[in-house]
Amino acid sequence: MSSSKQPIPLQDEQEAQTKNETNPELYQHFASLVSSLPRSQGLSNNEFYRHDQGWNSSLVPMVGAMVADVCFTARPSDIVVATTPKSGTTWLKSLLYATVHREQHPADAADHPFYSFGPHEFIKYFEFQIYSHNNVPNLKELPDPRLFATHLPFVSLPRTVVTSGCKIVYVCRDPKDTLVSMWHFINKLRARDGLEPLSVDAAAEFFCDGLSPYGPYWDHVLGYWQAHLAHPERVLFLRYEEMQRDPAAHVRRLAEFVGLPFSAGEEEKGTVDAIVRLCSFEHMSRLEVTKGGKTDNALGSVPNSSFFRQGTVRDWENHLSPETGRRIDAITEAKFKGTGLCII
Ligand code: PPS
């Protein structure tokens, strides 16, 4: 278990600890490069650019990804939460943080840091929290195990994440539920930015064309699936629907994977169940910090409540037509055929 004193993630404390430096020239260099890439509309509140490695995103996170690639130095002890957006990131981050820091912050403690900070303050994204606003932070002082997050496809991870042999935890979700969750979220951002909402049909069209954040969705999932097949000890591959069915089993898997299995004493004390309860949708979505707090990142300020909507499986049936559902299933079957991957 982590014996180090990872501070609770007060923005100021962390900034002081990471001795922020800036490099506007580097950011400008990559911004010019991204600006020269093919661009299009997509399932977004911003224009998409197409990265050379085949994925789409708005400019800011793509620049952040490029800065991370050249500036981030991974350690074998690092743990990276990787996801395609809206597939269970917030939940997985919470479970991982609560598991890794369970000694310092017991899940049933009344002063657990989850009561004070939004869920995305604990494990930050490379591409729009850590490497943003011209920052090139010195992350060397952060105690092990350092926890990071990303929505980047495997092919574009900061290169030392792959070469260091650090651990990656990936979660995927039925693409239809992922799409519906994304559509709701993007429309909130569009309303914030004074843009018209996207219809669900337009959103589905973009999604099927690969024009979703960090999409094509299918390439994203396959990239991590193949990495998991090649290195199961380094890449844990989880499914949102299976986590819903048995969250406690997944917390145990997660703990074992990161080398912090629960002891018999912890099992007896109910530590696993306490973590499951702490991180459950029902609990997290009702916290004051969720209802009233915001998370600032390079894409703007986002209410914490927007990371919690329904937290259920098959909500797509309430929004997508059966034809759209079949169309997405057909793409999924075709793309995953012969890979051993089944997620619907
Ligand atoms: S993000 O923006 O990429 O971080 O979003 P992400 O967290 O990946 O996905 C948001 C969806 O996950 C649901 N959610 C949860 N499900 C179960 N348990 C917990 N604790 C939890 N927290 C968030 C959230 O409601 C979004 O799904 P939908 O279908 O929109 O409800």
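A: P145 sits in the loop that links α5 (126–130) to β6 (147–150). Helices here are DSSP runs of H or I with at least four residues, strands are runs of E with at least two, and both are numbered from the N terminus. This is a predicted model, where local features need pLDDT of at least 70 and side-chain atom pairs count only at pLDDT 80 or more, while totals for chains, interfaces and linings use all residues. Residues are numbered from 1 along each chain as its sequence is written, and side-chain values use heavy atoms, with hydrogens and water left out.

H133 isn't a glycine, yet its phi is positive, near 50°. Is H133 buried or exposed? H133 is exposed, because its relative accessibility is 58% (exposed is over 50%, buried under 20%, partly exposed in between, with a 1.4 Å probe and protein chains only).

Now hop along to the loop between α8 (200–208) and α9 (217–230), where you'll find P216. The bond joining G215 to P216 is a cis peptide bond too, with omega about 10°. Y214 lies in the loop between α8 and α9 as well. Y214 has a positive phi of about 65°, though it is no glycine. With a relative accessible area of 4%, Y214 counts as buried.

Follow the chain into α9 and you meet a helix partner. The axes of α9 and α16 (residues 322–336) come within 11 Å and cross at roughly 35° (axes are lines fitted to C-alpha atoms over the stretch in contact, with angles from 0 to 180 degrees between N-to-C directions). On the α9 side, W218, D219, V221 and L222 make the contact, and I328, I331, T332, K335 and F336 do so from α16 (contact means heavy atoms within 4.5 Å). Sort those residues and you get 6 nonpolar, 1 polar and 2 charged.

Elsewhere there's an open sheet of 3 strands, in the order β1-β2-β3, with antiparallel pairing (strands pair if DSSP finds at least two bridges between them). Its edge strands, each pairing on one side only, are β1 (39–40) and β3 (56–57). Strand β2 (residues 48–50) is joined to β1 by 2 bridges, the two running antiparallel. Look at R39 and you'll see Y49 of β2 standing opposite.

Conventions. Nonpolar A, V, L, I, M, F, W, Y, C, P; charged D, E, K, R; others polar.
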